[in-house]
Amino acid sequence: MSALNKIARTMVSHRRGILAADESIGTMSARLESVGVAPTEENRRVYRELIVTTPRLAESVSGVILADETFHQQLDDGRSFPEYLSDIGILAGIKVDTGAKPLAGASGEKITEGLDGLRERIADYVRRGATFAKWRAVITIGDGLPSDRAVRANVHALARYAGLCQEGGLVPIVEPEVLMDGDHSLARCRQVTTDTLEELFEELDLLQVQLDGIVLKPNMVVPGSGSGEQVTVADVAEATVETLRETVPPAVPGIAFLSGGQDPEVATEHLGAMQGLDPLPWELTYSFGRALVGPALEAWRGQEQNRDAAQSALSARAVANAAAR
């Protein structure tokens, strides 16, 4: 078993999932402001320390994806976030893309940037304790969208990122997110997700990325948030798993779903329903952000006296998702 494969399997093992605490400074600041907390660097640090120090977190969470700012910060006891996570048996990950920007000549579509200087940044992150990384591509469904140009540009960037990570000793989380925004049907989401994943694995093969040393982080197959289409939990589970069967090679160790704006409880129900289907060649787990930490932020609201309640809210969501596995 290679070192990359061992890490990837650890990330999806023992009913645990991956906590995404990698919001950009702008996104995290907006979320703090939404609950009445000043969007300062120190408040972002305090909130993320509250998250990672939740008691018994390692029983439900195998890895935490950190933003660059948090990765270089310290807890109150002087340990860096990667050092602390390692000490409690959780892998430290790092988001290495620099965000989705407008794609030239493709109105309404985006390309994720951040490849420039990535080899050198990976070396520094590894030196500081990272074991895996994340890169998110966004695919928009709309009138005539996505274009072939947008899909190909994004999966090419994902494959280049994955290759650089493996070269530098990091397991890449490969995240092609077909966005839930829009009025498209479940069937349309399934078709776009299928097309995107097929293109992705062709590109990964072309760039000779080691498939047993990655974790795939796709969207679940759901109707657009503005569609009004009523589907059952079983509908989503079956459509998602069948899409994966058609597109994802069995060499991939695990699939860690993003929540993609679903309500926390609904995302957990979908994850649980997938576990009851026929045996699959990969582990199915979660890599949630808001669906895990959203309730904790609402409970905390910047007040130290709410710390225990906030950590209990996070723990409850993490335990529920582990149970769904």
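1. A quick word on terms to start: surface patches here are made of residues with over 30% relative accessible area and no salt bridge, with like charges joined within 9 Å. In this predicted model, Asp-148, Asp-195, Glu-198, Glu-202 and Asp-205 form a negative surface patch. Helix 8, residues 186-206, gives the most to the patch, with four residues. Glu-198 lies in helix 8 and is partly exposed, at 39% relative accessible area.

2. On the overall fold, the chain has twelve helices and ten strands. Its radius of gyration is 19 Å, close to the 20 Å that the globule rule gives for 325 residues, so the chain is as compact as a globular protein of that length. The C-alpha atoms fill a box of roughly 50 × 45 × 40 Å along the principal axes, and buried residues make up 54% of the chain.

3. Now for the salt bridges, of which the whole structure has 23. Arg-79 pairs with Asp-77, with 2.6 Å between the closest N and O atoms. Arg-79 is partly exposed at 28%, and Asp-77 is partly exposed at 46%.

4. Glu-113 and Lys-101 also form a salt bridge, their closest N and O atoms being 3.8 Å apart. Glu-113 lies in strand 5 and Lys-101 in strand 4, so the pair ties together parts that are twelve residues apart in sequence.

5. Do have a look at Glu-283 and Arg-325, whose salt bridge has its closest N and O atoms 2.6 Å apart. This pair links distant parts of the chain, 42 residues apart: Glu-283 is in strand 10, and Arg-325 is in the segment after helix 12. Glu-283 is partly exposed at 39%, whereas Arg-325 is buried at 18%.

Conventions:
Residues numbered from 1 in each chain as written. Predicted model: local features only at pLDDT ≥ 70, side-chain atom pairs only at ≥ 80, totals over all residues. Heavy atoms only, no water. Patch = residues over 30% accessible without salt bridge, like charges linked within 9 Å, V, L, I, M, F, W, Y side chains within 5 Å. Areas by Shrake-Rupley, 256 points an atom, 1.4 Å probe, with all protein chains shown as cover. Salt bridge = Lys/Arg side-chain N within 4 Å of Asp/Glu carboxyl O. Lys, Arg positive; Asp, Glu negative; His and termini not counted. Charge placed at Lys NZ, Arg CZ, Asp CG, Glu CD. Helix = DSSP H or I, 4+ residues; strand = E, 2+ residues; numbered from the N terminus. Buried < 20%, exposed > 50% of the residue type's maximum accessible area, 1.4 Å probe, protein only. Rg over C-alpha atoms; globule rule 2.2 N^0.38 Å.
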